[in-house]
Structures are given as structure tokens and as C-alpha cells.
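My plan is to look things up one at a time and write down what I find.

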Amino acid sequence: MIDKLILGRFVPGASLIHKLDARTKLLSGIYFIFILFLANNWQTNLLLVLFTWLVILLSGIKTKVYIKGVKPLIWLILFAVLMQVLFTSGGTIYFDWGPFTISAFGLENGLYTFIRFTLITIMSAVITLTTTPMDLTDAIEYLLRPFKIFKMPVQDIALMITVALRFIPTIMEETDKIMKAQRARGVEFGEGNIFEQMKAVVPIFIPLFVGTFNRAEELADAMEARGYQGGEGRTKFKVLHWHSDDFLAFSIMILLTASLIFLRV
């Protein structure tokens with residue numbers, strides 16, 4: 001699972017997506033999530049799938065990397081799909097038993113839900129895989145800048161979000177090491193009833209929490225030793241700039257929105 005987890009990882013490259021401004025990628029990713037809900041038929045969903053596939057190709061990262069990245073979340077996605085299939089009715093009824101109904105409309109909604117969650121996961125991965133943690137921090141800070149009028153510590157919030165994303169793979173690697181150590185001591189995961197399985201997880205969570213807090217304390221000490229004082233009075237080593245490619249990317253997103261509206265039923 002560690003090798004498959006892609007959220008929070010950065011892959012160096014020189015693709016068109018890598019060269020885009022981090023703010024462009026972040027805004028486009030958020031905007032893409034909103035326009036996903038404009039898709040209400042197979043034509044609009046097909047358009048979104050083709051657009052996402054094009055973005056994957058432009059990122060210069062192999063498609064199988066994204067497919068493997070979806071697998072750790074497949075059960076969560078299937079659960080959302082199941083809720084749509086069982087509790088949404090309409091059209092031809094194929095199965096009806098108490099509160100559970102399987103209908104043509106429910107199956108259609110389930111398929112669209114699967115597509116939406118999968119595309120959201122892939123597009124989120126595109127942002128983190130093609131953007132350095134520092135650029136992502138600067139982009140989040142820039143987008144949260146209006147909240148400074150409310151005395152909100154924008155720079156600190158952006159740093160916390162970026163550090164959290166950065167340490168997802170690290171925590172997963174630590175979890176894998178702890179599970180291997182517990183297996184070497186005779187602990188069996190996934191065996192027995194639900195209570196026995198929950199009991200087997202306890203030896204994982206305790207050292208994982210302790211290690212996470214220790215790592216956070218070490219990071220805080222390292223930042224303090226380097227004179228970190230937050231965002232007040234700080235300059236940027238790398239200043240973000242808009243380029244023609246960024247305006248082209250926004251234009252493509254607007255064109256995609258217009259196409260979705262045109263193809264809607």
C-alpha cells in the first residue's frame with residue numbers, strides 16, 4: 001500500500017503540468033471538483049474522463065501510477081457507490097426489499113458517483129505529484145491572503161496543511177514498519193472476530209501516535225533552531241509568477257465548463 005499511496009508525494013519532472021504555477025493547479029483542482037457536479041449523463045461524464053486522461057498524459061507520469069493510487073481508497077469509493085445504488089430509486093425497479101431498492105436510476109447514480117470520486121482522487125494526486133511542497137505552501141498562502149483582514153495566521157495554516165500532506169507517506173511507511181515488527185512477534189492481523197481484530201490494531205496505534213508526536217516535536221525544534229518566526233516580515237526565495245500557460249489553463253477550464261453545460265440534459 002505504501003508504494004501505491006501517491007497523495008502527498010512529489011515526482012520531479014519537466015512536463016507541462018509541472019511548469020504551471022502552483023496557484024493555477026490548486027485553483028483548477030478546486031474548480032474541477034465543483035464542475036464535476038454539472039455532469040448528469042454519459043456524455044458529460046465521458047468528457048470529464050477524457051479531460052482527466054489528457055491531464056494525466058500532460059503530467060508526464062505513467063497512468064498506472066494514478067490507477068494504483070486509487071486502489072487504497074477503493075473501499076471508500078465503493079461504499080459511497082453502494083449507498084447510491086441501495087437508497088436511490090427511480091426508473092425500472094430490479095430489486096425491492098424494505099428500505100433497499102435497486103433501480104435503473106440508482107445504478108446510474110452509482111456509476112456517476114464512482115466516476116466522480118475516482119476523478120477527484122486522480123486530480124488531487126496530479127496536484128501533489130507535480131508540485132513541490134514549498135510551491136504548494138506558497139500557493140495556499142496566496143489564496144488565503146484575503147483572510148488576513150481577520151487576523152488569521154495564513155502562513156502558519158498553509159505550512160501546517162503542506163506538512164500534513166508531506167508526512168502522509170512517512171506515516172504510512174512508519175505504519176508498515178510497525179506492522180512488520182508486530183508480525184515478527186506473532187501478532188496476526190485480520191484474524192478472528194471483530195473484537196479480536198480491533199485488539200490486534202492497538203499495538204499499531206500506540207507506537208504510531210508516539211512516533212508521530214516525537215517527529216512533530218523534532219520538526220518544531222528544528223524550525224525554532226533555524227529562527228522560524230511565521231509569515232511576518234518574511235521574503236520569498238522563489239516568487240510565484242503567472243505565465244501564458246497559466247492563462248491558457250484557465251481558458252481550457254472555462255471551455256470545459258461551457259461544454260458540460262451544453263451537453264447537459
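I note that the model is predicted.

**Entry: lysine 25**

I looked up lysine 25 and found it in helix H2, residues 22-35. Which side chain of opposite charge is nearest to lysine 25? It is aspartate 135, 6.6 Å away. Lysine 25 is buried yet has no salt bridge, because a salt bridge needs the nitrogen within 4 Å of the carboxyl oxygen. The side chain of lysine 25 reaches the backbone oxygen of threonine 130 at 2.9 Å.

**Entry: overall layout**

I stepped back to the whole chain. I get ten helices and two strands. From the N terminus the order reads α-α-α-α-α-β-β-α-α-α-α-α. Of the 265 residues, 35% are buried.

**Entry: salt bridges**

How many salt bridges does the structure hold? I find three.

I took arginine 23 and aspartate 21 to begin with. Their closest N and O atoms are 2.9 Å apart. Arginine 23 counts as buried because its relative accessibility is 4%. Aspartate 21 is buried too, at 5%.

Next I looked at arginine 215 and glutamate 174, which meet at 3.5 Å, N to O. This pair links distant parts of the chain: arginine 215 sits in helix H9 and glutamate 174 in helix H8, 41 residues apart. Arginine 215 is partly exposed, with 23% relative accessible area. Glutamate 174 also counts as partly exposed at 23%.

Then I turned to lysine 180 and aspartate 176, which meet at 3.2 Å, N to O. Both lie in helix H8, four residues apart, about one turn of the helix. Lysine 180 counts as exposed because its relative accessibility is 53%. Aspartate 176, at 27%, counts as partly exposed.

**Entry: the strands**

I checked how the strands pair. Strand E1, residues 93-97, and E2 run in the antiparallel sense over four bridges. Aspartate 96 stands opposite threonine 101 in E2. Which residues of strand E2 lie on its covered face? They are Thr101 and Ser103. Phe100 and Ile102 make the uncovered face of E2, residues 100-103.

**Entry: a nonpolar patch**

I looked for nonpolar surface. Trp42, Leu46, Leu50, Trp53 and Leu57 make a patch of about 560 Å². I followed up on leucine 57, which is in helix H3, residues 42-59. Leucine 57 is partly exposed, with a relative accessible area of 45%.

**Entry: two loop residues**

Where is glutamate 188? I find it in the loop between helix H8 (154-184) and helix H9 (194-225). Glutamate 188 is exposed, with 53% relative accessible area. Its C-alpha atom is separated by 9.6 Å from that of valine 201, 13 residues apart along the chain.

Histidine 243 is partly exposed, at 45% relative accessible area. I compared its position with lysine 19. Histidine 243 and lysine 19 are 224 residues apart in sequence and 9.6 Å apart in space, C-alpha to C-alpha.

Definitions and conventions
Residues are numbered from 1 along each chain as its sequence is written. This is a predicted model: local features need pLDDT of at least 70, side-chain atom pairs count only at pLDDT 80 or more; totals for chains, interfaces and linings use all residues. Side-chain values use heavy atoms; hydrogens and water are left out. Patches are made of residues with over 30% relative accessible area and no salt bridge: like charges are joined within 9 Å, nonpolar side chains (Val, Leu, Ile, Met, Phe, Trp, Tyr) within 5 Å. Accessible areas come from the Shrake-Rupley method with a 1.4 Å probe; for residues, only the protein chains shown count as cover. Buried means under 20% relative accessible area, exposed over 50%, partly exposed in between (1.4 Å probe, protein chains only). Two strands pair if DSSP finds at least two bridges between them. Lys and Arg count as positive and Asp and Glu as negative; His and the chain ends are not counted. A polar contact is a pair of N or O atoms within 3.5 Å; within protein, one must be able to donate a hydrogen and the other to accept it, and residues adjacent in sequence count only if both atoms are side-chain atoms.
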